[in-house]
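This report describes a protein model from its overall make-up down to single residues. The sequence and structure come first.

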Amino acid sequence: MIRASKAIAVLSGSALLLTTACTSPEHLGGTDPNRKAKEGALLGGFLGAISGAMVSKDEKKGAIVGAAIGAGVGAAIGNNLDKQEAELRQDLDGNVGIQNTGDRLIVTMPQDILFATDSTYVQSGLRDDIQTVALSLNRYPDTTVQVVGHTDNTGSAAYNQDLSQRRAGAVADILISAGVRAGRVQTIGRGEDAPIASNLEASGRAQNRRVEIVILPN
């Protein structure tokens, strides 16, 4: 019972620290280039403290050790994501979207510029961008890579599912041919199931036709 009470106390204190950090001026609109590393350290420390307090015989010592380990791991992951994001923004074409969620990077390539209509052959102008992503993946090898194909809702759902899978495979093949270890790469076809805009308008359908390269730290 005492151990549980102390674990709850650690949890409450850590949650307060995390909440305070996430409502800081930098979080609310600043441009701190290391924001994800800082958030990762706080989240890692938060989770590590809970783990340490729950499993250690000496709850206080366990919480401190767990927080330190968790913060170190979280900061390292966040720092690598920040660095990789900055490098990709510098190296890639402006048509390629990059999102850093704090626990992953999502590189989005519109299918309209990747592929001709109803084709799975990657157009030559975009192969360089995919190879640039491959070089980045090779510089940061401790990640898993998901290549996810998406379509709009034009045509049958079964056809769109198959097309999205084949297009994801075409992009994955280029990454692997550029040196990314095949065991790191997963291909996923989502078809029309995960739109990011309305399929009722041409502009929305264009946004929904995309291939995402999702970079997940191990």
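What percentage of the 218 residues of the protein count as buried? The share is 39%, where buried means under 20% relative accessible area, exposed over 50%, and partly exposed in between (1.4 Å probe, protein chains only).

## Basis and confidence

This is a predicted model, in which local features need pLDDT of at least 70 and side-chain atom pairs count only at pLDDT 80 or more, while totals for chains, interfaces and linings use all residues. Residues are numbered from 1 along each chain as its sequence is written, and side-chain values use heavy atoms, with hydrogens and water left out.

The mean pLDDT (the predictor's confidence in each residue, from 0 to 100) is 79 for the protein, and 65% of the residues reach 70 or more. Confidence is lowest in helix α1, residues 2-22, with a mean of 48, and highest in strand β4, residues 185-189, with 98. Over residues 14-30 the pLDDT is below 50; beyond near neighbours in sequence, this stretch has 15 contacts in the model, a contact being heavy atoms within 4.5 Å. Where pLDDT is low, the predicted coordinates should not be read in detail.

## Overall make-up

The protein has seven helices and five strands. These are DSSP runs numbered from the N terminus: helices are H or I with at least four residues, strands are E with at least two. From the N terminus on, the order is α-α-α-β-β-α-α-β-α-β-α-β.

Of the contacts with a separation of 6 or more, 69% are between residues 24 or more positions apart. The protein exposes about 11,400 Å², of which carbon and sulfur atoms supply 57%; accessible areas come from the Shrake-Rupley method with a 1.4 Å probe, and for residues only the protein chains shown count as cover.

## Strand pairing

Two strands pair if DSSP finds at least two bridges between them. Strand β1 (residues 97-100) is joined to β2 by four bridges, and the two run antiparallel; Gly97 has Thr108 in β2 as its bridge partner. Four residues lie between the strands of this hairpin, where Gly102 takes a positive phi near 100°. On β2, Thr108 also has a bridge partner in β5, Glu212, within an antiparallel pairing of β2 and β5 over six bridges.

Strand β3 (residues 143-150) runs parallel to β4, with five bridges between them, and Gln146 has Gln186 of β4 as its bridge partner. Together with helix α6 (residues 157-177), β3 and β4 make a right-handed β-α-β unit: with the strands pointing away from the viewer, the path from the first strand over the helix to the second runs clockwise.

## Nonpolar core

A nonpolar core is a set of buried Ala, Val, Leu, Ile, Met, Phe, Trp, Tyr and Cys residues joined through side-chain atoms within 4.5 Å. The largest one has 29 residues, and Val147, Val171 and Leu175 are among those with the most contacts inside it. At least two residues of this core come from each of α3 (59-91), β2 (105-110), α5 (124-139), β3, α6 and β5 (210-217). The largest share, six residues, is that of α6.

Leaving aside neighbours within four places in sequence, the contacts of Val171 include Leu114, Phe115, Val122 and Val147.

Lys83, in helix α3, counts as partly exposed because its relative accessibility is 40%. Gly183 is in the loop between α6 and β4 and, with a relative accessible area of 61%, is exposed. The C-alpha atoms of Gly183 and Thr144 are separated by 8.6 Å, although the two residues are 39 apart along the chain.
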